[in-house]
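Biologist: Can you take me through this one? I would like to go over the backbone, a helix and the sheet.

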Amino acid sequence: MESTIGESSEKRENDVDVARFRPLSAFEMSASGKYQYRKVSIPAHRYTPLKKQWMEIYTPIYDQMKIDIRMNLKSRKVELKTRHDTADISALQKCADFVHAFVLGFDVADAIALLRLDDLYVESFEIKDVKTLKGEHLSRAIGRLSGKGGKTKFAIENSTRTRIVIAETRIHILGAFANIRVARDAICSLILGSPAGKVYSKLRAVASRMAEKY
């Protein structure tokens, strides 16, 4: 008796057609099915590098992320727009972050990781946010951050798996959240006057812990 009931229920399940819907595109998921836009302002000192490397920026955004991109020469802004075939709803924001990272001074090869990975961010702060410095004291602090031939900056980047841009008194860090925190702590120590040797020893300890973790 139990077997006949089980067989009849299986037949009923097999007779019912399961509805299968295709995934919604980013355009269909957007509010009321409208195109979405982003604009990124281009400062004067990044205008020439943008012109030289335009195709390196344009190709991954248009071909891979399926986002329309153009340079508005009148307003000097890069304009981004979703398309009907944009697959990922977060693609527009990723492309805006990619262009913004290039504007801040990161290389295209480094900034393009923002398109491929989800857990990357850019954090910016000024030296005066850590300590108020003026004149030669400020110049020496910037020198400590870079080191001879950029040695200190490269050491922080390699040990924390981040990328750092020092633009006058502003500092930009690209990386994962935990890595940015480690790099920021090292940079703040240098700004506050810690010798590079002490910062290196801390970075070596952190790098070994990160190697064990991953």
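Modeller: Helices (H or I, at least four residues) and strands (E, at least two) are DSSP runs, numbered from the N terminus. This is a predicted model, where local features need pLDDT of at least 70 and side-chain atom pairs count only at pLDDT 80 or more, while totals for chains, interfaces and linings use all residues. Residues are numbered from 1 along each chain as its sequence is written, and side-chain values use heavy atoms, with hydrogens and water left out.

Biologist: Which residues of α9 are buried?

Modeller: In α9, residues 136–146, Leu138, Ala141 and Leu145 are buried. Buried means under 20% relative accessible area, exposed over 50%, and partly exposed in between, with a 1.4 Å probe and protein chains only.

Biologist: Why are they on the same side of α9?

Modeller: They cover an arc of only 60 degrees around the axis, so they are on the same side of α9. The arc is that of the directions from the helix axis to the C-beta atoms. An α-helix has 3.6 residues a turn, so residues three or four places apart point the same way.

Biologist: And what covers the buried residues of α9?

Modeller: The cover includes α8 (127–130), α10, β5, β6 and α11 (177–191). Contact here means heavy atoms within 4.5 Å.

Biologist: Sheet next. What is the strand order?

Modeller: The order is β4-β6-β5, an open sheet of three strands with antiparallel pairing. Strands β4 (120–126) and β5 (163–167) stand at the edges with a single partner strand each, so one side of each has no neighbour in the sheet. Two strands pair if DSSP finds at least two bridges between them.

Biologist: How many bridges between β5 and β6?

Modeller: Five, in the antiparallel sense, with β6 spanning residues 170–176. Ala167 stands opposite Arg170 in β6.

Biologist: What is the phi of Glu168?

Modeller: Near 55 degrees, a positive value in a residue other than glycine. Glu168 is in the loop between β5 and β6, and is exposed at 68% relative accessible area. Most residues other than glycine have a negative phi.

Biologist: And Arg161, where is that?

Modeller: In the loop between α10 (151–160) and β5. Arg161 is not a glycine, yet has a positive phi of about 55 degrees. Arg161 is partly exposed, with a relative accessible area of 49%.

Biologist: Last one: is Lys94 buried or exposed?

Modeller: Lys94 counts as buried, at 14% relative accessibility. Lys94 is in helix α5, residues 91–104. Leaving aside neighbours within four places in sequence, Lys94 is in contact with Met65, Asp88, Leu114, Leu115 and Asp118.
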